[in-house]
Amino acid sequence: QLSFGIASLFGINKNSHAKAIVPGPLPVHGVAIGNDMNTLGSAVMKDGVIGETISAVEMGIRRDAAVALNLPLLSDALQMLLKDETSHSLLAWNTISWLISCDHQVVRSVRSTLEGEINSYCSERPDLTASDEYSKLVNVAPCDMVDAYGWINDDWRFAVGLYCLKYIIEPTLEALEKRIFNSELPVAVTGEHNKVENHVNSENAIASEFTASSSSQSGIEYVRTRITKFAGIQLHPQASFP
């Protein structure tokens, strides 16, 4: 509803006779579920952890751009989408934690998937490094990264993707591995960390934390903070920033 509302807002602003944009028929699709933990781990890493984390950071940049441009209706909608995308990423992290805790061998397929994505980014633009992309992100205003419709252009999307892979996802996975392989119990299902699972599944808890933190944090920092605090993981600044 939020997404189609935003699309309708842009359409009506361009053409006073435009009608509200509504979704068309939902395409038929299926989901294959097997009992291969490695395949599941790889899929969750690619589509859940990587996909949702990058999407959340992109949403944060778009939200910040709307705030800077004083577009309250748009920024409010993007703020809700930022919260949702971040909670999706956290759910994927919970799943990865459970899978690795159940079968330590799963970490190989998970890490292989992550390394494959990083190599894909690096082979596409061998002239750039993650540090270069990070420098871009922190030195450019969010409103300069988006077009007239609030979309992040391809160059900036590359910067966001590589930043997420190298400075959010990779160090968080390393920290998670250490917790599990040091004979600690599964993060998402043990005593002190039960609050993590409850937190991810509680819309009220997510909303209240989002409201409290988003006013003083950029969208990028909000996503990074939520993920690196996952299950009590506290990354040393050097591990997350160049």
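Tyr167 counts as buried because its relative accessibility is 12%; buried here means under 20% relative accessible area, exposed over 50% and partly exposed in between, with a 1.4 Å probe and protein chains only. This is a predicted model, where local features need pLDDT of at least 70, side-chain atom pairs count only at pLDDT 80 or more, and totals for chains, interfaces and linings use all residues. Residues are numbered from 1 along each chain as its sequence is written, and side-chain values use heavy atoms, with hydrogens and water left out.

Tyr163 sits four residues from Tyr167, about one turn of helix α6. Tyr163 is buried as well, at a relative accessible area of 1%.

## Aromatic pairs

By the ring rule there are two aromatic pairs. For the rule, rings of Phe, Tyr and Trp (its six-membered ring) pair if their centres lie within 6.5 Å; planes under 30 degrees apart are stacked, over 60 edge-to-face, and the rest tilted. Tyr121 and Phe158 make a tilted pair, 5.4 Å centre to centre with 40° between the planes. That pair ties together distant parts of the chain, with Tyr121 in helix α4 (residues 106-124) and Phe158 in helix α6 (residues 154-181), 37 residues apart. Phe158 is buried at 6% relative accessible area, and Tyr121 counts as buried at 18%.

Then there's Tyr163 with Tyr167: the ring centres are 5.9 Å apart and the planes at 50°, so this pair is tilted.

## A charge over a ring

Arg62 lies over the face of Trp151, 4.5 Å from the ring centre. The test asks for NZ of Lys or CZ of Arg within 6 Å of the ring centre and within 35 degrees of the ring normal.

## How α3 meets α6

Helix α3 (residues 72-102) packs against α6 at about 40°, with the axes 10 Å apart. Axes are lines fitted to C-alpha atoms, for helices over the stretch in contact, and angles run from 0 to 180 degrees between N-to-C directions. The crossing is right-handed, that is, the near helix is turned clockwise from the far one by less than a right angle.

On the α3 side, the contact (heavy atoms within 4.5 Å) involves residues including Trp93, Ile96 and Ile100. From α6 come Ile169, Leu173 and Phe181, among others.

## The chain overall

The protein chain has ten helices and zero strands, taken as DSSP runs (H or I, at least four residues, for helices; E, at least two, for strands) numbered from the N terminus. Buried residues make up 44% of its 242 residues.
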